[in-house]
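Colleague: I would like to learn how to read the features of this structure, beginning with the chain as a whole and moving on to its parts.

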Amino acid sequence: MAMDFSSIPIIDISPLLAKSDDPKMADDPAVLDVVTQLDKACTQKGHGIPDTLLKGVRDITRRFFELPYEEKAKIKMTPATGFRGYEKIGENITQGVPDMHEAIDCYREVTKGMYGDLGKVMEGYNHWPQNPPKFRVLMEEYISLCKDLAKKIMRGIALALGGSPYEFEGDRAGDPFWVMRIIGYPGLSSVNDIGCGAHTDYGLLTLLNQDDGINALQVKNLSGEWISAPPVPGTFVCNIGDMLKIYSNGLYESTLHRVINNSSKYRVSVVYFYETNFDTVVEPLDTYKTRTKGDKKFERAVYGEHLVKKVLTNFVEE
């Protein structure tokens with residue numbers, strides 16, 4: 001079962017990164033110590049991505065959102081863009097309620113016919129703004145580093161689940177899909193404003209890079225309490241997604257979380273979602289037997305179907 005918690009743990013994963021390509025990493029005591037901590041946690045420190053880049057992507061995001069609406073709307077998100085691009089405040093909805101944030105949604109490029117009918121809704125390429133300059137270059141560098149980091153963290157999680165380091169490669173996530181949401185939350189205007197309603201993430205692992213000094217992210221524990229996840233400079237908050245919950249047969253719970261920005265300051269977060277292969281069939285790993293006595297709790301799911309279902313119900317139609 002998932003463990004209850006009253007605060008968000010922080011882990012230095014640098015020993016795991018140092019040995020992530022070593023076939024004997026499972027025998028390394030320092031790696032095993034990280035693995036033990038990963039088994040209980042979802043926030044990372046010592047991740048190898050420069051603080052200057054973490055701050056840089058937030059800063060350039062803020063500059064974009066400060067532009068007039070007419071400029072931002074040049075990359076407006078529509079179904080025709082494969083749901084990529086800019087959406088204004090209130091266009092994203094969670095459980096039917098408009099969210100008080102604006103965003104740019106990005107996905108791995110999907111070419112025509114790449115995933116057949118399964119991927120048709122998501123076909124398209126990312127629409128990057130021309131202003132501010134170098135926005136695309138910075139974001140693509142960031143995506144590349146996040147992908148590599150998430151892959152290495154997943155090797156530690158695979159070990160924590162009792163498998164080999166490579167459980168989440170090959171047919172499962174050897175060709176991973178990814179999503180990135182670049183989000184801006186206005187400062188407090190009403191006590192009832194929900195920046196983003198309570199939800200879980202869809203895939204394997206989320207790396208959330210949030211503004212320092214603004215406490216807005218909340219995570220729900222098993223007791224039903226909302227626990228703040230305050231920003232720690234130079235770190236990511238890591239959420240477990242729905243597909244990892246299935247792979248772990250419920251041992252790891254996909255994290256229910258929400259955003260309420262009670263600050264007067266505008267808040268930026270840049271959220272990278274590391275997913276399975278788009279068309280992979282997800283079902284509990286064989287290794288779950290050592291932890292749950294062989295009882296499968298979840299049916300098979302196809303990640304792409306799960307994503308498309310969510311995407312088609314996430315936005316207000318104009």
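**Reading the chain**

Modeller: Buried residues make up 54% of the 318 residues in the chain, where buried means under 20% relative accessible area, exposed means over 50%, and partly exposed lies in between, with a 1.4 Å probe and protein chains only. This is a predicted model, in which local features need pLDDT of at least 70 and side-chain atom pairs count only at pLDDT 80 or more, while totals for chains, interfaces and linings use all residues. Residues are numbered from 1 along each chain as its sequence is written, and side-chain values use heavy atoms, with hydrogens and water left out.

Colleague: How many helices and strands does the secondary structure come to?

Modeller: Helices (H or I, at least four residues) and strands (E, at least two) are DSSP runs, numbered from the N terminus. In this chain they come to eight helices and 16 strands.

Colleague: What span does helix α3 reach from its first C-alpha to its last?

Modeller: The expected span of a helix is 1.5 Å times one less than its number of residues. Helix α3 (residues 51–65) has 15 residues and reaches 22 Å, close to the 21 Å expected. Its buried residues include Leu-53, Leu-54, Phe-64 and Phe-65, and Phe-64 and Phe-65 also belong to one aromatic cluster with Tyr-69, Tyr-86, Trp-128, Phe-135 and Tyr-266.

Colleague: Which residues have the most contacts inside the largest nonpolar core?

Modeller: A nonpolar core is a set of buried Ala, Val, Leu, Ile, Met, Phe, Trp, Tyr and Cys residues joined through side-chain atoms within 4.5 Å. The largest one here has 79 residues, and those with the most contacts inside it are Phe-168, Leu-204, Leu-207 and Leu-244. Helix α5 (residues 135–160) gives the largest share of this core, twelve residues. A second, separate core of five residues includes Leu-16, Met-25, Val-31 and Val-34.

Colleague: What is Leu-207 in contact with, leaving aside its neighbours within four places in sequence?

Modeller: Contact means heavy atoms within 4.5 Å. Among the residues that Leu-207 touches in this sense are Cys-146, Leu-149, Phe-236, Val-270 and Tyr-272.

Colleague: How many aromatic pairs does the structure hold?

Modeller: Rings of Phe, Tyr and Trp (its six-membered ring) pair if their centres lie within 6.5 Å, and planes under 30 degrees apart count as stacked, over 60 as edge-to-face and the rest as tilted. The structure holds 15 such pairs. One of them joins Tyr-107 and Phe-177, whose ring centres are 6.4 Å apart with planes at 35 degrees, so the pair is tilted. Tyr-107 lies in strand β6 (residues 102–107) and Phe-177 in the loop between α5 and β7 (178–185), so the pair ties together parts that are 70 residues apart in sequence. Phe-177 counts as buried because its relative accessibility is 0%. The rings of Phe-177 and Phe-278 have their centres 5.0 Å apart and their planes at 55 degrees, so this pair is tilted as well.

Colleague: Which strands does β10 pair with?

Modeller: Two strands pair if DSSP finds at least two bridges between them. Strand β10 (residues 217–220) runs antiparallel to strand β13 (residues 257–259), with three bridges joining them, and Leu-217 has Val-259 as its bridge partner in β13. With strand β11 (residues 226–228), β10 pairs in the antiparallel sense over three bridges, and there the bridge partner of Val-219 is Ile-227. The hairpin of β10 and β11 has five residues between the strands, and in it Gly-224 takes a positive phi near 85 degrees.
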